[in-house]
Amino acid sequence: MLYYLGEILQNAFDFGPARLLQSYTVLIVIALYTGFLVTEKLLPHMYRFLPSDRGREFTLTAEAAKGKPTGSGCIFITIFVVECFLVVPMTIQQVGIVVLTWLTMLTGFLDDNSITSWGEYKKGLLDLLISLAAAFLLYCTFAATNTEGTVSFWLPFITHLIRIPMPVYVVFATILLWASINTTNCTDGVDGLSSTLVLIALITLGSLFYFVLGHTKIAAYLLVPHLIDGASWAVITFALAGVLMGYLWHNAFPSHVLMGDAGSRALGFFIGTAVLITGNPFIILATSSIIFINGGMGLMKVFLLRFFKIHIFENVRFPLHDHMRKNHGWSPTQVLIKFMIMQLLITVALIGIIFKVR
């Protein structure tokens, strides 16, 4: 809306400064700061409307979290969605992804608000359906903007594009999105851990969208496809980073309110989607490797044991942050800081490899 308002003010009223509203740099600043300030001011006043945490099974912090307001993701994700419609000139693809992000939040919030947990299979099925819808949306919208009607990936160590058939793309994208949703959710067990790691991923992706993929000359120099909507994706990504900062402002240890499944699942969904938007699925390793190791290995351990009776990592407790606290005596602050540092080191190394070794 702001983008088009700037156009109207310039054309109808000859108001020159309104051109700033069509600058994506200015829109990024507006989205980031507005998201932070609105969330920071509004969130404390919404505690009384939120459900209370039931406590999590299989986690060390179950009793500490029990009774705290939870599901605050419904507040900051909704602020994010409203902000996107007000600030960003969105395409059909972007509108669809923003709406699906909100729906992912809604499924998590309904579980947070339920007296009894919905259960693994019900939540997993809902995540699967949303992931499948997003996969189809991405493929169809990308194919529609390609003159050949195809979708391709650019991969590390390879200079040419790899064409991906629709069935392969949809299956792969669905798995990646489902995994991102659930590993991010599993990482939400130490105050600020999941949201801090996601914030690193958002800032990384937003910077790539704006400075690399969305920039014609830099993309050409690095031999990567230019993303026409890269700048607008950057605004959307930084909008989410802003509301997440507002949440973290209140949730620095010790926490007062929890994001719940409403927040963690929506954040995981958006990160997975943003990675697919880049056209290189390996970027998920640069943005979310610690999240995948921390939460994903536990999911794999349970899956192999439950369905194939295969035992792996028998002496390791998952999520890994619980293992580090129980077996190595790390405090919640140590877990947060050390996991954050590891992710930053991995992000810098892998971004360099992915973009330069081609």
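This is a predicted model: local features need pLDDT of at least 70, side-chain atom pairs count only at pLDDT 80 or more; totals for chains, interfaces and linings use all residues.
Me: What is the phi of Phe 157, and where is Phe 157 placed?

Reply: Phe 157 has a positive phi of about 70°, although it is not a glycine. Phe 157 is in the loop between strand 1 (151-153) and strand 2 (162-164). Its relative accessibility is 58%, so Phe 157 counts as exposed. Helices (H or I, at least four residues) and strands (E, at least two) are DSSP runs, numbered from the N terminus.

Me: How do I read a salt bridge, and how many are there?

Reply: Side chains of opposite charge can pair when their charged atoms come close. The rule asks for a side-chain nitrogen of Lys or Arg within 4 Å of a carboxyl oxygen of Asp or Glu. By this rule the count is five. One of them joins Asp 261 and Lys 123 (3.7 Å, N to O). This pair links distant parts of the chain, with Asp 261 in helix 11 (residues 260-278) and Lys 123 in helix 6 (residues 120-145), 138 residues apart. Asp 261 and Lys 123 are both buried.

Me: Which residue does Asp 127 bridge to?

Reply: Asp 127 forms a salt bridge with Arg 265, and their closest N and O atoms are 2.5 Å apart. Asp 127 lies in helix 6 and Arg 265 in helix 11, so this pair ties together parts 138 residues apart in sequence. Asp 127 counts as buried at 1% relative accessibility, and Arg 265 counts as buried at 4%.

Me: Which salt bridge do Asp 261 and Arg 265 form, and how far apart are they in helix 11?

Reply: Their side chains meet in a salt bridge (3.6 Å, N to O). Asp 261 and Arg 265 are four residues apart in helix 11, so about one helical turn separates them. Through shared partners, salt bridges join Asp 111, Lys 123, Asp 127, Asp 261 and Arg 265 into one network.

Me: And the nonpolar core: which residues have the most contacts inside the largest one?

Reply: In soluble globular proteins, nonpolar side chains tend to be buried together. A nonpolar core is a set of buried Ala, Val, Leu, Ile, Met, Phe, Trp, Tyr and Cys residues joined through side-chain atoms within 4.5 Å. The largest core here has 94 residues, and those with the most contacts inside it are Phe 80, Tyr 169, Phe 209, Ile 236 and Phe 355. Helix 10 supplies the largest share of this core, 12 residues.

Me: What is Phe 80 in contact with?

Reply: Contact means heavy atoms within 4.5 Å. Leaving aside neighbours within four places in sequence, Phe 80 is in contact with Thr 101, Ile 236, Ala 239, Leu 240, Val 243 and Phe 270.

Definitions and conventions. Residues are numbered from 1 along each chain as its sequence is written. Side-chain values use heavy atoms; hydrogens and water are left out. Buried means under 20% relative accessible area, exposed over 50%, partly exposed in between (1.4 Å probe, protein chains only).
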